[in-house]
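I opened this structure to take a few notes on its core and its backbone. My entries follow in the order I looked things up.

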Amino acid sequence: MSITADCHLHSCHSGDSDTPMEEMVLRGLELGLDTMCFTEHHDIDYPDSPEESGDIFLLNTDSYLYDLAMLKEKYTGKIRLLFGVELGLQAEAFRPISVYAKSYEFDFVIGSSHLCHGKDPYYPDFYEGRSEEAAYREYFESILENIKKFSCFDVYGHLDYVVRYGPNMDRDYSYEKYRDIFDEILKTLINNEKGIEINTGGLERGMRDLHPCLDILKRYRELGGEIVTIGSDAHSPENVAAHFERASEALTACGFQYYTVFEKRTPEFKKL
């Protein structure tokens, strides 16, 4: 496997997983990974849903860090374990999000949009009463709002996350349809020295393409983008490093010779 670092992983410290961290680590060792970065969810002001309280996405960071420290000591010399977070960005909650990001010495911070103006595209009501295209466009425009406001992240995660849950997923979706907004997003990220991730998690949900789709990745490279991390978005061991060969093929097709790993918020470029 040419990619040996999975930089988007969740465990029982995330509200949507019940997997012990050590089970994820053991799976990574089994696959021959040399680096794993846990990026547990932290979404401030996540709304309550009919099923559960939004507090489930508030991370107990001290507990998470304690468990990670124990595993780092146990597996020293066998695998590098990094301290990351997937930080849900919302322009409306700028101050507490920014303060939190500075409160810990993270190795890596993924900025993600799990909410668009207070609504999660995971739920069908995000799409009700309008076209799928209009819903997707609002989501992408909210990303642009976030990256113009926040500087507390290293890469933006799953840029087209919304298509995982749209009525037709990525069947009618393309970069060209939203070229204007995507180009502005990519240029802003590059100008601010921020990267993007290739997230393979959508393939597990039936998508045809990676996050982001190949044409966005090509455009990022054309515009001069260089920082790309790779993450499975796994919440259970069976999905650790899933579809990484597909990610490697996509990087190569777009002209990349390296992928990126962050440690102490500093990018390290690893040859494919």
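**Entry: the core**

I began with Ile 230 and listed what it touches, leaving out residues up to four places away in sequence. The list holds Ile 3, Ala 5, Asp 6, Cys 7, His 8, Ile 198, Phe 244, Ala 247, Leu 251 and Tyr 259. I note that the model is predicted.

I then looked up the largest nonpolar core, which has 84 residues. Ile 230 is among those with the most contacts inside this core, together with Phe 140, Tyr 173, Ile 185, Leu 217 and Val 228. Helix α4, residues 132-149, gives the core its largest share, 7 residues. In soluble globular proteins, nonpolar side chains tend to be buried together.

**Entry: positive phi**

I next looked for positive phi values outside glycine. I found one at Glu 193, with phi of about 60°. Glu 193 sits in the loop between α5 (179-191) and β6. Is Glu 193 buried or exposed? Its relative accessibility is 67%, so Glu 193 counts as exposed, the cut-off being over 50%.

I found another at His 243, where phi is near 65°. This residue is in the loop between β7 (228-231) and α7 (244-253). His 243 has 34% relative accessibility and therefore counts as partly exposed, a class that runs between the 20% and 50% cut-offs.

**Entry: a cis bond**

Last, I checked the peptide bonds. Which form does the bond from His 211 to Pro 212 take? I recorded it as cis, with omega near -10°. Pro 212 belongs to the loop that lies between β6 (195-199) and α6 (214-222).

Key:
Residues numbered from 1 in each chain as written. Predicted model: local features only at pLDDT ≥ 70, side-chain atom pairs only at ≥ 80, totals over all residues. Heavy atoms only, no water. Helix = DSSP H or I, 4+ residues; strand = E, 2+ residues; numbered from the N terminus. Buried < 20%, exposed > 50% of the residue type's maximum accessible area, 1.4 Å probe, protein only. Core = buried A, V, L, I, M, F, W, Y, C linked by side-chain atoms within 4.5 Å. Contact = heavy atoms within 4.5 Å.
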